[in-house]
Amino acid sequence: MGKAIRDVYGEALKKYGAVNENIVVLDADVSGSTKSAVFGKEYPDRFYNCGISEYAMMGMAAGMAKNGKIPFVNTFAVFLTTLGSLAARAALSYSGLNVKMMGGYGGLSDAYDGATHHALEDIAMMRTLPDMTVMVASDAAITDWMVKTAAEVDGPMYIRLSRDAAPDCHPGDAVFELGKGMVVREGTDATVIACGLLVSTAVKAAEMLAAEGISVRVVDMYCIKPLDEELIRTCAEETGAIVTAEEHSVIGGLGGAVSEALARAGAGVPVEMVGTKDCHAESGAYAALLKKYGLDADAVASAVRKAVSRKQD
């Protein structure tokens, strides 16, 4: 098992804050959870605890960005993209301000804090905003790269982070590009296009299916907007079946984005979506929630079998 995404994030903030004094960090009183406190301890003069006031925090960040700073704004993803959504639209999207929205505890990973703390709509909400870059971290290596990229690339960004540890999906020398996805496992019978912790889940499902003689390609679509439509078309052409997998609603997230790209390309291949099915989720143990809502390796494998069967019909 790799490192916890949130721990890698905190260390990356501290590391890149050392080389760029324009980086400032804001948090809505949950810095111990988001791990932005790691930066705050090292650079207290550039760290701002804004209290439980997400909208005001976003306004502060917009003002800082207007004056040349690079604000990293932190709280749980559900609050950042709901209570902070008006500022994200009016101050960031409209104005193109260089604010980095860091959504901690994405998906179901805030398992025990209450059902209202789950973030299963955030990707859909953020990708509809014009000029908003949207990315989802899947392991330690890409989390570090996302923080570095956010500091270097001008413009508003939403980056979704998980609370939990994630198996490493990428080698240490992997080269990531903004607006691209990456093949993490080759296969010929179907492609699973996943994001976040569902990437390592998809790899596990592919290993299970290999024992059945089904060869599955796995893609980490870590950048959802802009989307790597060329890679999606290539996977459709070469494997003939697509499964999307995300810790998010099947409505409007990665699955919707991939389906839109396939439709634009005129790629008539079977598509199955793994995600929550137009529902809210309850509290409970994280692994149990993933299984209950069809987000585990068994669910991904089942979706692949269905897509391959449809391809053969």
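The model is a predicted one, in which local features need pLDDT of at least 70 and side-chain atom pairs count only at pLDDT 80 or more, while totals for chains, interfaces and linings use all residues. Residues are numbered from 1 along each chain as its sequence is written, and side-chain values use heavy atoms, with hydrogens and water left out.

Start with the sheet of seven strands. It is open, its pairing is mixed, and its order reads β2-β1-β3-β4-β6-β5-β10. Strands here are DSSP runs of E with at least two residues, helices are runs of H or I with at least four residues, and both are numbered from the N terminus. Two strands count as paired if DSSP finds at least two bridges between them. The edges are taken by β2 (47-49) and β10 (223-225); each has a single partner strand, so one side of each is left without a neighbour in the sheet. From one strand to the next, the twist averages 20 degrees. Angles of this sort run from 0 to 180 degrees between N-to-C directions, with axes being lines fitted to C-alpha atoms, for helices over the stretch in contact.

Five of its five residues are buried, so β4 is largely enclosed by the rest of the structure. Buried means under 20% relative accessible area, exposed means over 50%, and partly exposed covers what is in between (1.4 Å probe, protein chains only). Lys-100, Met-102 and Gly-104 point one way from the strand, Met-101 and Gly-103 point the other way, and all are buried. On one pairing, β4 runs parallel to β3 (residues 70-76), with five bridges joining the two. Within that pairing, Phe-72 has Lys-100 as its bridge partner, and Phe-76 has Gly-104. β4 also pairs in the parallel sense with β6 (residues 157-160), this time over four bridges. Lys-100 turns up again here, with Met-157 as its bridge partner in β6.

Helices pack on this sheet too. Helix α4 (residues 54-66) touches β1 (23-27), β2, β3 and β4, and its direction makes about 165 degrees with that of β3. Contact means heavy atoms within 4.5 Å. Helix α8 (residues 140-152) lies across β1, β3, β4, β5 (133-136) and β6, running at about 135 degrees to β3.

Back in α4, Gly-63 belongs to the helix and is partly exposed, with a relative accessible area of 32%. Gly-63 and Val-99 are 36 residues apart along the chain, and their C-alpha atoms are separated by 9.7 Å. Ala-91, in helix α6 (residues 85-93), touches Ala-62, Leu-86, Gly-96 and Leu-97, leaving aside residues up to four places away in sequence. Ala-91 and Gly-59 are 32 residues apart in sequence, yet 7.5 Å apart in space, C-alpha to C-alpha.

The loop between β5 and α8 holds Ser-138, which is buried, with a relative accessible area of 0%. Its side chain makes a polar contact with that of Asp-220 at 2.6 Å. A polar contact is a pair of N or O atoms within 3.5 Å; within protein, one must be able to donate a hydrogen and the other to accept it, and residues adjacent in sequence count only if both atoms are side-chain atoms. Not counting residues up to four places away in sequence, Ser-138 touches Ile-5, Ala-166, Pro-167, Cys-169, His-170, Gly-196, Val-199 and Asp-220.

The strands β7 and β9 (residues 216-220) run antiparallel and are joined by three bridges. This open sheet has five strands in the order β7-β9-β8-β11-β12, again with mixed pairing. β7 (182-185) and β12 (271-276) are the edge strands, each pairing on one side only. Here the twist averages 25 degrees from one strand to the next.

Helix α11 lies across β8 (190-194), β11 (242-249) and β12, at about 145 degrees to β11. The axes of α10 (residues 229-239) and α11 (residues 254-265) come within 10 Å and cross at roughly 75 degrees.
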